[in-house]
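Hi,

Here is the model I promised to pass on. Please have a look at it, and my notes follow below.

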Amino acid sequence: TPPVGEPDLLVESQRVQADATAGIATLLAAEPGLFAGARDRRRRVEMLSEFFKQGMHGLAIWSMDHPGVPRRALVDTAMALVWVGLQAQLSPADADT
């Protein structure tokens with residue numbers, strides 16, 4: 001959640017979030033089979049990165065409201081969703097590894 005009422009903090013928060021998205025995108029873009037052949041591959045990788053980042057953030061916030069849920073359950077669920085989503089976007093040869 002971006003800070004409200006403090007313009008300097010908002011700018012810094014936006015920079016940190018953009019850097020986080022860029023870092024995730026760099027990791028994902030290193031996988032050549034991800035969105036292989038897509039003309040808009042760079043944009044797709046960036047959108048996927050933002051989706052992952054926001055999804056993980058949302059899950060972290062959700063877990064604070066559900067302290068009884070074991071961390072392992074959160075990690076397993078997140079990884080299952082992320083992996084299935086990534087596999088669906090890999091070229092067929094890369095999806096088997």
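The second largest pocket has a volume of about 160 Å³. (On a 1 Å grid over the protein atoms alone, a pocket is an open set of points where a 1.4 Å probe fits, with protein on both sides within 12 Å along at least five of seven lines; the volume is the space filled by probe spheres set on the points, which are joined across faces, edges and corners.) Its lining, meaning residues with an atom within 4 Å of a point, consists of F51, F52, G55, M56, L59, T77, A78, L81, V82 and G85. Helices α2 and α3 are the elements that give two or more residues to it; helices here are DSSP runs (H or I, at least four residues), numbered from the N terminus. Seven of the lining residues are nonpolar, three are polar and none is charged, with Gly counted as polar and Ala, Val, Leu, Met and Phe among the nonpolar.

A word on provenance: this is a predicted model, where local features need pLDDT of at least 70 and side-chain atom pairs pLDDT 80 or more, while totals for chains, interfaces and linings use all residues. Residues are numbered from 1 along each chain as its sequence is written, and side-chain values use heavy atoms, without hydrogens and water.

The largest nonpolar core has 10 residues: A25, L28, L34, F35, V45, L48, F52, V82, L86 and L90. (Such a core is a set of buried Ala, Val, Leu, Ile, Met, Phe, Trp, Tyr and Cys residues joined through side-chain atoms within 4.5 Å; buried means under 20% relative accessible area, with a 1.4 Å probe and protein chains only.) Helices α1 (7–29), α2 (41–65) and α3 (71–89) each supply at least two of its residues, and α2 gives the most, with three.

Leaving aside neighbours within four places in sequence, A25 is in contact (heavy atoms within 4.5 Å) with V45 and S49.

Best wishes

Conventions. Buried means under 20% relative accessible area, exposed over 50%, partly exposed in between (1.4 Å probe, protein chains only).
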